[in-house]
Amino acid sequence: MDLIISLVFLVLHVVNCSPGPLVDVVVDRYDIPKLCPREVQTEDFIRYHFNGSFHEDGKIFDSSYKRGKAFISQVGLGRLITGMDRGLQGMCVNERRRIVVPPHLAYGSIGTGGVIPPDAVLVYDVLLLDIWNTEDNVQIRTISKPPSCNRTTVASDFLRYHYNGTLLNGEAFDSSYSRNRTYDTYLGKGHIIKGMEEGLLGMCVGERRIVIVPPFLAYGENGYGTQVPPQATLVFEVLMVDVFNPKDDLIMEVKHVPEICTRRTETGDYIRYHYNGTFQDGTPFDSSYQRNTTYNTYIGMGYVIRGMDKALHGLCIGEKKRIIVPPHLAYGEDGVGDLIPGSAVLVFDIHVIDFHNPRDPVEIKVTHKPQECKMTSEANDLIQYRYNCSLMDGTLLYSSDHYSSPSTTTLGANNVILGLEKGLSGMCVGERREVVVPPHWGHGENGAGEVPQSAVLFFELELVDLQKGVPEGYVFLWLEDDPDPLFPAMDLNGNKEVPLEEFSRFIMLQVKEGKGRLRPGIDANRIIKEMFDNQDRNKDGKIVEDELKVNADESEQAARDEL
């Protein structure tokens, strides 16, 4: 019906201007709403308030307001006085009209019950609250719908939705928003009024619709407490927030998989990943990005919700995936405090940063090896190397290129993490490697500096220089059998005494000829001076044969004591 009220029932508007008695009802529509989607017709049921008064003196003889409840009746079937049957025709909800009824269309020459005298002209001031018909159906009007809708509600689904509930005249009776929580229910199991069972079918998450429910599909003759009067048409403005079915499993959508994936996650692995957590309507509830730290956990060991534990299997480093978790695989009916409502479907967009297993070794891949490789790095060697240190997602943490010269370290001296130590061992000068270091070979659960907690590290290494070392506790190492006897070999000029300069020439000659080795990375003159001072027992600036013998005897005694 046209929303602009047409001039209908003209006969009701005709005022008898002659001085004689009224021949028909007189209707004054003194307050008409701007919108009128429906007008009263014969056989409609209506609910309305009224004040009834006498035309002669204005005295009120009846009032629904005084009784505290609206009057309910059917129009045009003789259940009302004839004048009201006629005067209510074409009325709109929220319309106010004054209906003047002559005696022959009211209670005539007899009157009624001592309340209405004979031949009384009656005046009814009416406010229409509701209209319905037994032929009415649930009316559904979609207000808005999301651009995409992967599923719609069906019977046996569990729904979470917000609503504003009003009577047909716009009077509010209930709202989930005022309680600051959704209304949660199963669909199609009789847990809600029949009209809403029908009105909620076929909805998408994020959809808004108006559902108009006639009284016989709502609370009928009894109403609902003080909130819903008897025989009330109900209007619900609904926003569908969430929907799932108890039979639902995880829904997983792969967003990105790296071209190279040499390994996938499995039970027992420890994973670091970023995520955004939202509800089905897109409302966020949590994000690791906002905390600027990954979420770290073991897989398949019950440390996360069941749905996520299942979804974290079979992933690659760098993979991105959307995971939709029904509540029976998440936080169930209880939810989590104010963060996650009960029975909420959760949507996680995850990005796998890295993963490892506590049993993982250091992985070493040689990317270049020179044709000639006469010696390789080992414990106690002094080495120079170039490196890039990154996370497994490619984030560069450290690089020797940031400094003026390559990095230097002595292998076996605990100067670098164990995984890097292992990756640098057995290399030739000029060799290049890629080394993957799990956290138990790296900086562990605590991380260090720019290295996050439990991070797997990726090193690109190149050995630049190698100086062979000596065992821990030594500053000089004979590579061949030492001269026997030693002192004559040290006494280069044969004068029976060896000053520092002569001792230094002797040691450097052994190094040059490949017979001995000084500890690399320490000033040679300093080492030789310490060696000389150790042999010069009387501190007279020279070593004689007896002093050398005394040191040799003490060394033998120390060896016997150890045995």
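Arg263 counts as partly exposed, at 29% relative accessibility, where buried means under 20% relative accessible area, exposed over 50%, and partly exposed in between (1.4 Å probe, protein chains only). The model is a predicted one, in which local features need pLDDT of at least 70 and side-chain atom pairs count only at pLDDT 80 or more, while totals for chains, interfaces and linings use all residues. Residues are numbered from 1 along each chain as its sequence is written, and side-chain values use heavy atoms, with hydrogens and water left out.

Arg263 is the partner of Asp360 in a salt bridge whose closest N and O atoms are 2.9 Å apart; the term stands for a side-chain nitrogen of Lys or Arg within 4 Å of a carboxyl oxygen of Asp or Glu. Because Asp360 lies in the loop between S18 and strand S19 (363–368), and Arg263 in the loop between strand S13 (251–256) and strand S14 (270–279), the pair ties together parts that are 97 residues apart in sequence. Helices (H or I, at least four residues) and strands (E, at least two) are DSSP runs, numbered from the N terminus. Asp360 is buried, with a relative accessible area of 12%.

The structure holds 33 salt bridges, and three of these pairs are set out here.

| Pair | Closest N and O atoms |
|---|---|
| Glu95 and Arg97 | 3.0 Å |
| Asp360 and Arg263 | 2.9 Å |
| Arg322 and Asp349 | 2.9 Å |

Arg322 lies in strand S17 and Asp349 in strand S18, so this pair ties together parts that are 27 residues apart in sequence. Arg322 is partly exposed at 29% relative accessibility, and Asp349 is partly exposed as well, with a relative accessible area of 23%. Glu95 and Arg97, by contrast, are both buried. A network of salt bridges links Asp28, Arg98 and Asp125.

Leaving aside neighbours within four places in sequence, Tyr124 is in contact (heavy atoms within 4.5 Å) with residues including Phe50, Phe61, Met84, Arg97, Arg98 and Ile99.

Val336, placed in the loop between strand S17 (320–325) and strand S18 (346–356), is partly exposed with a relative accessible area of 32%.

As a whole, the protein has eleven helices and 28 strands, and 44% of its 563 residues count as buried. Its radius of gyration is 47 Å, whereas a compact globule of 563 residues would have one near 24 Å, the radius being taken over C-alpha atoms and the globule rule being 2.2 Å times the number of residues to the power 0.38. Along the principal axes, the C-alpha atoms fill a box of roughly 165 × 45 × 45 Å.
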